[in-house]
Amino acid sequence: MAATPQKPAAATPRRKVSRHRGEGQWAVGHHTPLNGNEQFKKDDDGLNVRTRIETIYSKRGFDSIDPNDLRGRMRWWGLYTQRKPGIDGGKTAVLEPEELDDSYFMLRVRIDGGALTTQQLRVIGEVSQEYARGTADITDRQNVQYHWIRIEDVPAIWERLEGVGLSTVTACGDTPRVMIGSPVAGIAEDEIIDATPALEEMKRRVLNNPAYSNLPRKFKTAISGSPLLDVVHEINDVAFVGVQHPEHGPGFDLWVGGGLSTNPKLGVRLGAWVPIDEVPDVYEGVISIFRDYGYRRLRNRARLKFLVADWGAEKFRQVLEDEYLGGRKLIDGPAPEQPVQQWRDHIGVHRQRDGRFYVGFAPRVGRVDGATLTKIADLAEAHGSGRVRTTVEQKMIVLDVEQDQVDSLVEGLEALDLTARPSTFRRGTMACTGIEFCKLAIVETKQRGSQLIDELERRLPDFEEPLTINLNGCPNACARIQVADIGLKGQLVLNDRGEQVEGYQVHLGGALGLEVGFGRKVRGLKVTSDELPDYVERVLKRFQAEREEGERFASWAARASEEALS
């Protein structure tokens, strides 16, 4: 009997197998570049572009620059193309990079710890006047930024800056950016510990070092021994905060994973106390974790804050100790104490530990010019000082002033419109670069911030409560909008005639240091640029009318009704 033919089995549908590429972490074997940025970094270290700038691009001009150098590796030496004039904010996200690029550059001079000699400040001012059309903005990370820089002039600028010990190396790019530090390190009467030796050793180990020149993205560092918590440690990738250990004495509390931009996160404490001589080792350990375990697949997740959020503090500390400190366990330690005051900018006249004085003063939203910087250097030297500092609030300080020279120095600064006795609004208003030069910006900020100061001083001359007003030209939060009392995020909004105009989304009640937290957003609250003074005046008058005794603006904003904040 013949066998009954078997019906062929139905073919099993083949499932498409997609190879899991992970997050691009080197430490788990994902070395294949997963985006264009990772590819150009693999092709050539960003540090190497300096040779091409000096030998090729500066001689052949802007059009000779390779695109991967122009919009990539040149950042490793502090250079970004600036925004082409005349392009409105509505086109920022629409145009291609080459359509936004001007043939001029922004050049960032890194000033670690904000520390400058008057000689260095004078050279910064002279370079500004000779090569940057007078521009020289002070940033909220203690740097100075030039604009209108020609590629042909860059080697000469480097020669001038480096001749007095300054540098632009890794001022931008996927690198260790400027290390911000207390501007009164080593001189303040109330200082817990002087972090200067640790900062200098950290710089020596990582700057211009190929071991740390290819990070997943930028890496921001803060270190301070001031009880004022004066380096916004909560929003840095790594921060060392001065504390007094009950058994071991002064040292630093270790924080990791802070950052703002479009996905803000506050740094977290690892619960570890670090003595000053171990800070450089721990710093190298943290930056190496970021290099090896940081997420490289997606640029918008390539900051340390995302790794810390996924791992948690306990795992991060364990990996740091086991894999990067040779199994050495860190000492448990205390958290920093709350600062005793809201202002942490060192504005005004303060006694130093050596009996002399330092004088902090306020430019307008960080906007100065080269001629003014050279005059500040001259003024400081005329009053016996050879040292100045920049701060993380876009302000400046003259150090080492004898008591009998203080009043004369303050008068000299006033003559330059650089007051050591600013109004709340002059003292507390910051602004990013904005649409004038930044390719990411949507609205104007610097001029708007300066005009807002004038209007508020005129309308509210008796307002004396500490207050921060931060203006940002886009969502990226370079001016720290989420942690300001009044944070203003630039965007296009509709006015009462239905026209699209420059304006801001409002964040209210953010804070660092005291009652740390992100600002509150009121649903649908957007303000046109023209309406901004009216809006801020209205909210501040309501605050004055409704506040409880001693209540800060941030506390009031957290409990106020939406109607009161609108």
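User: What does the model rest on, and how are residues numbered?

Analyst: This is a predicted model in which local features need pLDDT of at least 70 and side-chain atom pairs count only at pLDDT 80 or more, while totals for chains, interfaces and linings use all residues. Residues are numbered from 1 along each chain as its sequence is written, and side-chain values use heavy atoms, with hydrogens and water left out.

User: Why is H5 called roughly antiparallel to H6?

Analyst: Helix H5 (residues 118–131) and helix H6 (residues 154–162) have axes that come within 10 Å and cross at roughly 165 degrees. Angles under 35 degrees count as roughly parallel, over 145 as roughly antiparallel, 65 to 115 as roughly perpendicular and the rest as oblique. H5 is therefore roughly antiparallel to H6. The axes are lines fitted to C-alpha atoms, for helices over the stretch in contact, and the angles run from 0 to 180 degrees between N-to-C directions. Helices (H or I, at least four residues) and strands (E, at least two) are DSSP runs, numbered from the N terminus.

User: What is the handedness of the crossing of H5 and H6, and which residues make the contact?

Analyst: The crossing is right-handed; that term applies if the near helix is turned clockwise from the far one by less than a right angle, and left-handed if anticlockwise. On H5 the contact (heavy atoms within 4.5 Å) involves Val-123, Ile-124, Glu-126, Val-127, Glu-130 and Tyr-131, and on H6 Ala-156, Ile-157, Arg-160 and Leu-161. Seven of the residues are nonpolar, none polar and three charged. Ala, Val, Leu, Ile, Met, Phe, Trp, Tyr, Cys and Pro count as nonpolar, Asp, Glu, Lys and Arg as charged, and the others, Gly among them, as polar.

User: Why are H9 and H10 described as roughly perpendicular?

Analyst: The axes of helix H9 (residues 304–311) and helix H10 (residues 313–324) come within 6 Å and cross at roughly 105 degrees. The angle lies in the 65 to 115 range, so H9 and H10 are roughly perpendicular to each other. The contact joins Leu-304, Val-308 and Trp-311 of H9 to Ala-313, Lys-315, Phe-316 and Val-319 of H10, with six nonpolar, no polar and one charged residues.

User: What makes S3 and S12 edge strands?

Analyst: The open sheet of five strands has the order S3-S14-S15-S13-S12, with antiparallel pairing. Strand S3 (115–117) and strand S12 (348–351) each have a single partner strand, so one side of each is left without a neighbour in the sheet.

User: How do you know that S3 pairs with S14?

Analyst: Two strands pair if DSSP finds at least two bridges between them. Three bridges join S3 to strand S14 (residues 387–390), the two running antiparallel, and Ala-115 stands opposite Arg-389 in S14. H5 packs on this sheet, touching S3, S14 and strand S15 (396–401), and its direction makes about 90 degrees with that of S3.

User: Why does Glu-23 count as buried?

Analyst: Buried means under 20% relative accessible area, exposed over 50%, and partly exposed in between (1.4 Å probe, protein chains only). Glu-23 has 18% relative accessibility and therefore counts as buried. Glu-23 is in the segment before helix H1 (36–43). Leaving aside neighbours within four places in sequence, Glu-23 is in contact with His-30, Gly-294, Tyr-295, Arg-296, Arg-297 and Arg-301.

User: Are Asn-208 and Ala-477 buried or exposed?

Analyst: Asn-208, in the loop between helix H7 (196–206) and strand S7 (219–224), has 44% relative accessibility and so counts as partly exposed. Ala-477, in the loop between strand S17 (469–472) and strand S18 (486–494), has a relative accessible area of 6% and is therefore buried.
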